[in-house]
Amino acid sequence: MTAADENPLAAGLEREPIPPTTLVIFGVTGDLARRKLLPAIYNLAHEGSLPDRFNLIGVARGSRIESFEKLAGDSIAEFSRTEPDSGVLQALLEQIRFVRGSFDDPAAYEQLARELAEADERLGEAANRLFYLSTSPQAFPVIVSALGKAGLDRNEGAEVRVVIEKPFGFDLESAQQLNRDVLGTFDESQVYRIDHYLGKETVQNMLAFRFANGMFEPVWNRNYVDSVQIVAAEEVGVGTRASYYEHSGALRDLIQNHMLQLVALLCMEPPGSFGAESVRDEKVKVLEAIAAPTIEQVPEIAARAQYGAGVIGGEEVPGYLEEEGVAPDSTTETYAALKLEVDNWRWAGVPIYLRTGKRLPRKLTEIAVALKPAPHMTLQGDAGSDPEPNRLVMTIQPDEGVSLSLAAKVPGAGMRIRPVNMEFRYGTSFLSESPEAYERLILDAMRGDATLFTRKDEVEASWAICDPILKAWSETPGPLASYPAGSAGPDAADVPLLAATEWRHL
């Protein structure tokens with residue numbers, strides 16, 4: 001009996017078989033691999049989604065690692081979304097190998113080549129190879145070049161692919177250079193630039209929501225949509241990531257990649273098919289239709305701030321400038337807000353507001369599409385005002401789902417109107433927990449499906465939007481506007497962009 005027979009809601013969720021694969025994770029002892037990648041691989045094994053013939057090789061300096069098998073087991077036990085099954089875990093751990101060495105050491109790649117050859121021999125055929133670069137960005141071109149020099153960019157009779165984590169570049173120029181470095185060894189068809197937001201169920205559901213429901217697509221345009229707000233709020237501060245965050249900031253960390261990808265999916269035209277290139281072609285058109293601001297326009301469409309000391313969850317927390325590893329005169333933004341427009345026929349004139357920040361009241365990522373109000377208001381809202389316009393909200397985290405606000409009559413003799421919500425939640429509708437984004441994306445990379453990965457021109461188009469803002473901010477002396485930790489962000493008086501914007505409550 002299949003899953004679809006047991007649960008009709010599982011129909012269509014079955015996956016195609018994946019060819020024999022050897023997955024190589026560079027930086028396997030790092031935080032991302034321990035918290036996300038190794039647990040994701042375990043959960044895929046637990047659900048029977050990994051290929052029948054599968055090998056895992058970890059590569060890291062690992063000078064302090066006595067047993068990689070123990071490190072992997074401990075990471076899975078601590079961070080897996082499901083309770084590890086001892087049998088499944090042991091079977092997975094028996095398949096892994098560890099290569100110790102620095103990323104620029106030719107001897108490490110000689111050992112890796114031997115491990116890959118032995119893996120093919122155990123499988124009885126040339127297996128597909130997937131190189132996952134879970135390292136600092138500085139190591140990306142080093143590893144790619146070394147793989148090419150060692151002849152590991154090809155495997156006769158099988159596919160070879162490379163997955164590259166964000167950030168892909170520091171600005172437009174560095175992203176273009178990194179593309180040249182990577183494409184000097186690999187073909188574009190072999191390169192999978194990963195953005196884990198695209199692996200989240202609600203993000204993918206935007207496409208199903210728009211293109212599988214005839215009632216919504218007719219109003220998905222400037223004639224009916226009043227504005228769009230996309231928020232990615234975090235409760236946490238920079239924590240132990242100050243060394244990274246000081247060179248990144250909120251704009252590079254979230255807006256340039258995650259949030260502009262959400263804009264592209266929200267605003268793209270229906271693709272001719274749901275193949276990788278068709279979908280990515282339409283996303284690029286959206287990004288290229290967003291006019292990059294001039295330096296002079298930046299103060300009108302972009303705002304930034306830093307969190308100060310405050311209270312989160314009843315506990316006092318320091319301000320950004322007091323965090324360990326942060327320069328006392330730092331002008332790195334922990335809050336960024338932008339107003340963008342997609343200058344094409346469908347979206348011209350519709351403001352799209354993006355905001356992200358650390359030390360905000362709660363963790364929340366959502367997209368709120370506000371429709372234009374009814375043309376003639378004969379009814380009053382609950383407080384004697386005009387009824388609120390309909391609003392469609394897609395929540396990406398923490399509780400994945402979609403809600404639609406409607407105007408309804410309040411019970412009683414009078415004709416009073418108030419908003420009510422119709423809601424859909426993944427957990428209750430599908431009677432299961434949504435898989436981690438990395439689980440979906442690792443599977444897609446092994447399968448060779450690049451739909452949810454970004455292409456060279458997508459990356460460069462998103463940097464072209466952000467570059468003038470970064471340049472303008474770099475030329476503006478500090479100190480930055482501040483906001484208390486635990487608040488909803490800076491005061492409107494401090495940031496002109498906010499004065500004309502009625503933000504949704506966090």
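1. A disulfide is here a pair of cysteine sulfur atoms within 2.5 Å. The structure is a predicted model, and by this rule its count comes to 0 disulfides. For C267, the closest cysteine sulfur is that of C466, at 15 Å, so the two are too far apart for a bond. C466 is likewise in no disulfide, its nearest cysteine sulfur being that of C267.

2. C267 counts as buried, since its relative accessibility is 0%. C466 is buried as well, with a relative accessible area of 0%.

3. The largest cavity has a volume of about 170 Å³. Its lining comprises 16 residues, and those nearest its centre are F168, Q256, N257, T454 and V459.

4. Which helices each supply at least two residues of the lining of the largest cavity? They are α10, spanning 249-267, and α15, spanning 456-474. Of the contributors, α15 gives the most, with 4 residues.

5. L406 belongs to strand β16, which covers residues 401-409. The relative accessible area of L406 is 30%, and L406 is therefore classed as partly exposed.

Methods
Residues are numbered from 1 along each chain as its sequence is written. This is a predicted model: local features need pLDDT of at least 70, side-chain atom pairs count only at pLDDT 80 or more; totals for chains, interfaces and linings use all residues. Side-chain values use heavy atoms; hydrogens and water are left out. Buried means under 20% relative accessible area, exposed over 50%, partly exposed in between (1.4 Å probe, protein chains only). On a 1 Å grid over the protein atoms alone, a cavity is a set of points where a 1.4 Å probe fits but cannot get out, and a pocket is an open set with protein on both sides within 12 Å along at least five of seven lines; lining residues have an atom within 4 Å of a point. Grid points are joined across faces, edges and corners, and a volume is the space filled by probe spheres set on the points.
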